[in-house]
Amino acid sequence: MSRSQAWYAGDDRNAYIHRAWMRRGLPRDAFDGQPHIAIANTASDLTPCNAHLTEVAKSVADGVWAAGGVPLHLPTVSLGETLMRPTAMLFRNLAAMATEEVLRANPIDGVVLLGGCDKTIPALLMAACSVDLPALVVPGGPMLTGHFRGTPLGCGTDVWRLSEEVRAGTLSREDFMRSESSMIRSRGHCNTMGTASTMACVTEALGMTIPGLAGTPAPDSGLLELAHQSGRLSVSMVAEERRPSTVLTRESFLNAIVALAAIGGSTNAVVHLLAIAGRLGVPLELEDFDNVGAGVPLLVDLQPAGKHLMDDLHRAGGLLAVLREVADLLSPSAMTVTGTPLVSYLPSAAIHDESVIRPRSAPLQESAGIAVLRGNLAPSGAVIKPAAATPGLLTHRGTAVVFDSIEDLNARIDTVEDENAILVLRGCGPKGYPGMPEVGNFPLPAPLLAKGVRDMVRISDARMSGTAYGTVVLHVAPEAAAGGPLGRVRTGDVVVLDVPNRRLEVEADLSARPLSPEAQAAFAAPERGWQRLYVDHVLQADRGVDLDFLAGSGQATPTRESH
């Protein structure tokens, strides 16, 4: 008996209630055992990157009907990256928990997950893994390339670049404001290899989409076709009991790390993949990102590590063409939601534009991936994306200039005049902000911008946008608010960054110092609601920033009746 039949089968009072209230246009045989498929949709006008997903959901529903299932639209918590304060990351776990609970509580047999904007796909995957119903993802796709004065604009990446040029005095504020109407050309999420594009590609590498789907532009009619196919596939997945726990193995996550390096993906994928793996109990550690990804060549010439944008990647052959070049690094046993190994889709893939997707023999960089740093400043680890950094700064020794909060930084950043300084920001981790915001790529000092400086070493317990770039050390763990040594650094300390040797050290005995009183005064101290629950239970960056009581898989079916 299907899971939904536990609600609908029989002639007792409860079955009557369940069927009667759902009969609003559904035929009688809709309750005779056909798979009921939820379409978990994160569309929202306040999540503009996902606003078009209601149209995508209609194509999914058509596919479900065509395969003999019953589609059921299920709006879920939506997280708008550009709007939510203090940060959308604060609510990723809330969205995951809410989605998990509504999936478990309702009479459904499978689910199609519709996401796009940064935190929506991770939250949906975390939820699906916890409830472990047959599930697959339809990413909403990137927007088309915008142009300003004949030059392509990469959303996000060019915001950071142009805003710094304004502060440097090389771009007028009037021209900066004119570019605003040109940057967002169409529906869809960021067209750079930011977190949204990264998570779509990583989700395909995990095996959780129809292969070839990730990176399909949002306005492309091919997205609707593949959404229809996803709806059809969801019905067969129920029949074959193909669940996240049967698709997502350790090998799947290692494949995702290879893909992350080859595409030059966002550092945010680290915390998201750790959290997703944690929901299934799949062993995945911070060091895996370095051990597996460090030697992988960067093949995609895309902003922020390169120059092209997501619709260029799509026309050049897409993710499968990239993965074909590194097929020898992928696990041949890792499956996809189709029931077929990921590597079986690679022989027919091809590169159509080698200026966008480099062949293995001529990579953009020989070794990419995410570097994991350790030392007395980050005993539980920190990360840096070498592909987006200035090579000459990957080994650097400088004097720390310490900021106790983002407000402190905003007030004092333009007083820094030493271009060899190392800028340290604390109080921006999961507990301290709260929510670990994307402020790690903070602005450079205006006096140094005016001198032509365009990068400095920056260190924080924050995250940064996947669209950002620079020699930025992130996710320092434990964070300052959790008692980490970052809270003991003082302005004037000598800091050593040595990425080749994976070191992040302060030339001082930090253990002998108390935490900075100024930093402690700036830490978040919520008294109620979600923020209080979050601060009390959130894990550190090296463990995925999930809540401690949500790690591990749950059961799919509630045990008690509602009437």
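Keep in mind that the model is predicted.

**Stop 1**

Select Ser2, Arg3, Asp109, Val238 and Glu241. Of the 15 residues lining the second largest pocket, these are the closest to its centre. The volume of this pocket is about 250 Å³. What kinds of residue make up its lining? Eight are nonpolar, three are polar and four are charged.

**Stop 2: Arg454 and Glu165**

Now turn to salt bridges. The structure holds 29 of them. Select arginine 454 and glutamate 165, which form one. Their closest N and O atoms are 3.1 Å apart. Where do the two partners sit in the chain? Arginine 454 is in the loop between helix H17 (446-450) and strand E11 (458-460). Glutamate 165 belongs to helix H6 (residues 157-168). The pair links distant parts of the chain, 289 residues apart.

Is glutamate 165 buried or exposed? Its relative accessibility is 19%, so it counts as buried, because the cut-off for buried is under 20%. Arginine 454 is partly exposed, at 35%.

**Stop 3: Arg358 and Asp301**

Next, select arginine 358 and aspartate 301. They form a salt bridge, with the closest N and O atoms 3.5 Å apart. Two loops meet your selection here. Arginine 358 lies in the loop between helix H15 (318-325) and strand E7 (371-375). Aspartate 301 lies in the loop between helix H13 (286-293) and helix H14 (310-316). The bridge therefore ties together parts that are 57 residues apart in sequence.

Check the surface around each partner. Aspartate 301 is buried, with a relative accessible area of 6%. Arginine 358 is partly exposed, with 23%.

**Stop 4: Glu507 and Arg397**

Move on to glutamate 507 and arginine 397. This salt bridge has its closest N and O atoms 2.8 Å apart. Glutamate 507 is in the loop between strand E14 (503-506) and helix H18 (517-522). Arginine 397 is in strand E9 (residues 395-403). How many residues apart in sequence are the parts that this pair ties together? The answer is 110.

Glutamate 507 counts as partly exposed, at 47% relative accessibility. Arginine 397, at 53%, counts as exposed.

**Stop 5: a network**

Finish with five residues at once. Select Glu100, Glu101, Arg104, Arg279 and Asp546. Salt bridges that share partners join these residues into one network.

Key: Residues numbered from 1 in each chain as written. Predicted model: local features only at pLDDT ≥ 70, side-chain atom pairs only at ≥ 80, totals over all residues. Heavy atoms only, no water. 1 Å grid on protein atoms, 1.4 Å probe; cavity = no way out; pocket = protein on both sides within 12 Å on 5 of 7 lines; lining within 4 Å. Points joined across faces, edges and corners; volume = space filled by probe spheres on them. Nonpolar A, V, L, I, M, F, W, Y, C, P; charged D, E, K, R; others polar. Salt bridge = Lys/Arg side-chain N within 4 Å of Asp/Glu carboxyl O. Helix = DSSP H or I, 4+ residues; strand = E, 2+ residues; numbered from the N terminus. Buried < 20%, exposed > 50% of the residue type's maximum accessible area, 1.4 Å probe, protein only.
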